[in-house]
Amino acid sequence: LSFLLMNYTSKYTDRKISAGQLIAEKICERASKRKGQTLKEHFWSEPIWKNFFKMQLLQANALLKTYSIQAILNALDDSRLLSMYSLRSPLLDPILADKQKELDNQAKLCYNLQTQDVNSKPKEEFKQKKSLFERLD
């Protein structure tokens, strides 16, 4: 449940927000640009945006249970989804799965490189020519 932590900065308030709120803000930005509007500070409390923001926030939190924040943000930036204005779009799931798989493969590759570096040169066994008793003589 790390996605519930308030680690992200909002464009629309001076407080920290959760990953779900960040994603919902991005979708609301898209929708507002499509309508030719600009979002104001605390836009989610305005009647026109209140329900839409809540629905997108619920969907964002549901997606965060399956996908990482980075995979979701990468998917939102994908050219195939530039005309998507809701997290409930059926176009989103296959692209999200691809983005998450890419991130997982990158993480696996980094892990393999790190462990390979550690294990590639095993320590040489220390061999003394004389035992301790022989050296004392």
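This report walks through a predicted model of one protein, from its overall layout to single residues.

## Overall layout

The protein has 137 residues, and 34% of them count as buried. Its secondary structure consists of 5 helices and 2 strands. Starting at the N terminus, the order is β-β-α-α-α-α-α.

The accessible surface comes to about 10,100 Å². Carbon and sulfur atoms hold 53% of that surface. Contacts also span the sequence. Take those between residues at least 6 apart: 55% of them join residues at least 24 apart.

## Helix H1

Helix H1 covers residues 19–35. It has 17 residues and reaches 25 Å from its first C-alpha to its last. That is close to the 24 Å expected at 1.5 Å a residue.

H1 is mostly covered, with 12 of its 17 residues buried. Among them are Ala19, Gly20, Leu22, Ile23 and Ala24. Glu25, Glu29 and Arg30 are also on the buried list. The buried residues of this helix pack against S1, S2, H2 and H3. Just after H1 comes Gly36, with a positive phi of about 75 degrees.

## Helix H2 and Gln59

Helix H2 runs over residues 47–64. Its 18 residues reach 26 Å from first C-alpha to last, close to the 26 Å expected at 1.5 Å a residue. Its buried residues include Trp49, Phe53, Gln56, Leu57 and Ala60. Asn61, Leu63 and Leu64 are buried there too.

Gln59 is found in H2. Is Gln59 buried or exposed? Its relative accessibility is 17%, so Gln59 counts as buried, the cut-off being under 20%. Leaving aside neighbours within four places in sequence, Gln59 is in contact with Leu87 and Arg88.

The largest nonpolar core has 20 residues. Ile23, Ile72, Leu87 and Leu92 have the most contacts inside it. Helices H1, H2, H3 and H4 each give two or more residues to this core. H3 gives the most, with 5 residues.

Ile23 and Ile27 are buried residues of H1. Gln56, Gln59, Ala60 and Leu63 are buried residues of H2.

## Aromatic rings

The structure holds 6 aromatic pairs. One of them joins Tyr12 and Phe43. Their ring centres are 5.0 Å apart, with 80 degrees between the planes. This pair is edge-to-face, because its angle is over 60 degrees. The pair links distant parts of the chain, as the two residues are 31 apart. Tyr12 lies in the loop between strand S1 (8–9) and strand S2 (16–17), while Phe43 lies in the loop between H1 and H2.

How buried are the two partners? Tyr12 has a relative accessible area of 11%, so it is buried. Phe43 is buried with a relative accessible area of 0%. Ring pairs link Tyr12, Phe43, Trp44, Trp49, Phe52 and Phe53 into a cluster. The charged end of Lys35 sits over the ring of Trp49, 5.0 Å from its centre.

## Two loop residues

His42 is found in the loop between H1 and H2. Most residues other than glycine have a negative phi. His42 has a positive phi of about 55 degrees although it is not a glycine. At 34% relative accessibility, His42 counts as partly exposed.

Leu82 lies in another loop, between helix H3 (69–77) and helix H4 (92–120). Which residues is Leu82 in contact with, leaving aside neighbours within four places in sequence? They are Arg30, Leu76 and Asp77. Arg30 is 52 residues away along the chain, and the C-alpha atoms of Leu82 and Arg30 are separated by 8.6 Å. Arg30 is one of the buried residues of H1.

Conventions: Residues numbered from 1 in each chain as written. Predicted model: local features only at pLDDT ≥ 70, side-chain atom pairs only at ≥ 80, totals over all residues. Heavy atoms only, no water. Helix = DSSP H or I, 4+ residues; strand = E, 2+ residues; numbered from the N terminus. Buried < 20%, exposed > 50% of the residue type's maximum accessible area, 1.4 Å probe, protein only. Contact = heavy atoms within 4.5 Å. Areas by Shrake-Rupley, 256 points an atom, 1.4 Å probe, with all protein chains shown as cover. Core = buried A, V, L, I, M, F, W, Y, C linked by side-chain atoms within 4.5 Å. Expected span 1.5 Å × (residues − 1). Phe/Tyr/Trp six-rings, centres within 6.5 Å; stacked < 30°, edge-to-face > 60°. Lys NZ or Arg CZ within 6 Å of the ring centre and 35° of its normal.
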